[in-house]
Every structure is written in C-alpha cells, then in structure tokens.
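Visitor: I am new to this structure. Please show me how to read its features, one at a time.

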Amino acid sequence: MPCIIAAIALMAPRIVLFFIWLLSHKWFDVYETWYWPLLGFLFMPYTTLAYMGAMLNNGNVVTGWWLALVIFAAIVDAGHWGGGGRTWRHRRIIVVG
C-alpha cells in the first residue's frame, strides 16, 4: 500500500501538467517552445508547475515569493534524484556485505 501512495504522489504533478496541456491554452502563454515543457514533464514536474504558476500570476516575471516557490520546487525535484541514488547504494551494500 505505501508503494501505491508513493507512485500516486510521484505521478500527481505529471497528471496535472497533462490536464493543463489538454484542457487549457495557458500552456502556450508561458512556454514559447514545445521542448522545455516536455523536458520539465519528464525530469522536473514540480518546477515546471511552479514556473507556470509564477509566470501566469505575476505578470510574466518570476520574483518574490514566486521565485522562492520555483527554487523550492527545483530542490524537491533534485531531491528525488538524490534519494534514489542513496537508496540504491544502501541496498547494494547490504546485498554485497
């Protein structure tokens, strides 16, 4: 059961991004190209959502609290990468040692 909850939590920002792309034209107001949102969808979904929120709600500039939110989202996204590597190393030590 905890694995299902974790999988849903990891997929939630991607599902939100998909529905924003599918049901709204706001996507094209923020991003001028197609590859940055695609890369954000694949690798940094929280940062992509935070940046989109900042651009739409703050007059196409990222300043103040919105900048703090984008930085926090980037740290959360990067934390997912680091946490996976730490877990993999820990498992390998247990299996080998």
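Visitor: In which helix is confidence lowest, and in which is it highest?

Guide: Confidence here means pLDDT, the predictor's own score for each residue, from 0 to 100. This is a predicted model, in which local features need pLDDT of at least 70 and side-chain atom pairs count only at pLDDT 80 or more, while totals for chains, interfaces and linings use all residues. Residues are numbered from 1 along each chain as its sequence is written, and side-chain values use heavy atoms, leaving out hydrogens and water. Helix α5 (residues 64–96) has the lowest confidence, with a mean of 77. Helix α4 has the highest, at 91. The chain averages 83, and 84% of the residues score at least 70.

Visitor: Why does a low score matter?

Guide: Where pLDDT is low, the predicted coordinates should not be read in detail.

Visitor: How many helices and strands does the chain have?

Guide: Both are DSSP runs, numbered from the N terminus: helices are H or I with at least four residues, strands are E with at least two. This chain has five helices and zero strands. Along the sequence, the pattern reads α-α-α-α-α.

Visitor: What share of the residues counts as buried?

Guide: Buried means under 20% relative accessible area, exposed means over 50%, and partly exposed lies in between (1.4 Å probe, protein chains only). Of the 97 residues, 21% count as buried. Accessible areas come from the Shrake-Rupley method with a 1.4 Å probe, and for residues only the protein chains shown count as cover. The chain's accessible surface is about 7,400 Å². Carbon and sulfur atoms supply 74% of that surface.

Visitor: Is Thr47 buried or exposed?

Guide: Find Thr47 in helix α4 (residues 45–57). Thr47 counts as buried because its relative accessibility is 15%. Thr48 is also found in helix α4. Thr48 is buried too, because its relative accessible area is 6%.

Visitor: What does Thr47 touch?

Guide: Contact means heavy atoms within 4.5 Å. Setting aside residues up to four places away in sequence, Thr47 touches Val70, Ala73, Ala74 and Asp77. A polar atom of the Thr47 side chain lies 3.1 Å from the backbone nitrogen of Ala74. With neighbours within four places left out, Thr48 is in contact with Leu17, Tyr31, Gly40 and Phe41.

Visitor: What share of the contacts joins residues 24 or more positions apart?

Guide: Take the contacts with a separation of 6 or more. Residues 24 or more positions apart account for 51% of them.

Visitor: Which residues form the nonpolar patch on the surface?

Guide: Patch residues have over 30% relative accessible area and no salt bridge; like charges are joined within 9 Å, and nonpolar side chains (Val, Leu, Ile, Met, Phe, Trp, Tyr) within 5 Å. A salt bridge is a side-chain nitrogen of Lys or Arg within 4 Å of a carboxyl oxygen of Asp or Glu. Here the patch is Met11, Ile15, Phe18, Phe19, Trp21, Leu22, Leu23 and Phe28. Together they have about 860 Å² of accessible area. Helix α1 (residues 2–23) gives the largest share, seven residues.

Visitor: Where is Ile15?

Guide: Ile15 sits in helix α1. Ile15 is partly exposed because its relative accessibility is 42%. Ile15 and Pro45 are 30 residues apart in sequence and 9.6 Å apart in space, C-alpha to C-alpha. Ala12 is in helix α1 as well, and is partly exposed at 34%.

Key: A polar contact is a pair of N or O atoms within 3.5 Å; within protein, one must be able to donate a hydrogen and the other to accept it, and residues adjacent in sequence count only if both atoms are side-chain atoms.
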